[in-house]
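Please look at the sequence and the structure first.

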Amino acid sequence: MSSVPARTGRQRQRYEDNLRLVSGCIPYRWRKDDTDLMGGTEIMEVLMISSPKRDDLVFPKGGWEDDETVTEAACREALEEAGVKGILREIPLGIWEFKSKSSQDLCSIEGGCRGYMFALEVTEELEHWPEQKNRSRRWLNIKEAFRLSRYDWMCNALEAFLRVMEEDRKVDEKQEQNTELEQPSIMVADVSECQTMSPNCYKRSSTMQHHGMPPSVNLLSRATQEIAIHFGY
């Protein structure tokens, strides 16, 4: 069993403009592509968790309390609800307002929430975690995550997440180019054959830095296409 209990109650809950403040994250990881016999590509997956008493999947999130920063709240919720730890990107993906579906929120002012969402690169997945009895974990490729996101704000957060991944890829690509210029004698492997993407997932060459993405992939464009598929237009 987890030695860290989940926080409960609303005594320390933050509010702003009559909205409950919420902090959460989109946990992600890179795993080896089992279909690649050469072992040169990795697939990006995001983690979603089940909702107690409801048949849907969500990202880890919860109330931002007055004794913690918004990033600390996001990390705490990831640990409590999903049992994962990792490296949090401190710049939020965005801020979204939505109605909470929790019965507890019916007692708040109209159940309104203002949520801050972050990207969390998972480095550790715990065997036991505080809310394990009420939540299960599921790793999904990006297309699946869009399909299973029931709410508009979740799709918008995923699109913002992909935009951030694309920006990181550009930074990593520029750094790699600078390194090649500084060290022209170093041979760089040709990874062009690994920079392909199946219809169901995003891939990268395993030789790229951990936040990198293949230069040929336009993630934001692909995200827009998948949102269109998700909503049927």
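Let me begin with a term: a residue is called buried when its relative accessible area is under 20%, exposed when it is over 50%, and partly exposed in between, using a 1.4 Å probe and protein chains only. This is a predicted model, in which local features need pLDDT of at least 70 and side-chain atom pairs count only at pLDDT 80 or more, while totals for chains, interfaces and linings use all residues. Residues are numbered from 1 along each chain as its sequence is written, and side-chain values use heavy atoms, with hydrogens and water left out.

The chain has 4 helices and 10 strands, where helices (H or I, at least four residues) and strands (E, at least two) are DSSP runs numbered from the N terminus.

Now to the interior. A nonpolar core is a set of buried Ala, Val, Leu, Ile, Met, Phe, Trp, Tyr and Cys residues joined through side-chain atoms within 4.5 Å, and the largest one here has 30 residues, with Ile26, Leu93, Trp96 and Phe161 making the most contacts inside it. Helix α3 gives the most to this core, with 10 residues. If we count a contact as heavy atoms within 4.5 Å, and set aside residues up to four places away in sequence, then Leu93 touches several residues, including Ile26, Met117, Ala157 and Phe161.

What about the cysteines? A disulfide is taken as a pair of cysteine sulfur atoms within 2.5 Å, and by this rule the count is 0. The sulfur of Cys25 lies 7.2 Å from its closest cysteine sulfur, that of Cys75, and this is too far for a bond. Cys25 is buried, at 0% relative accessibility, whereas Cys75 is partly exposed, at 31%.

Finally, the charged pairs: a salt bridge is a side-chain nitrogen of Lys or Arg within 4 Å of a carboxyl oxygen of Asp or Glu, and a search of the whole structure finds 19 of them. One of these joins Arg114 and Glu16, whose closest N and O atoms are 2.5 Å apart; the pair links strand β8, which holds Arg114, with strand β1, which holds Glu16, across 98 residues. Arg114 is buried, at 11%, while Glu16 is partly exposed, at 33%. There is also a network of salt bridges, which links Arg29, Arg31, Glu45, Glu125 and Arg137.
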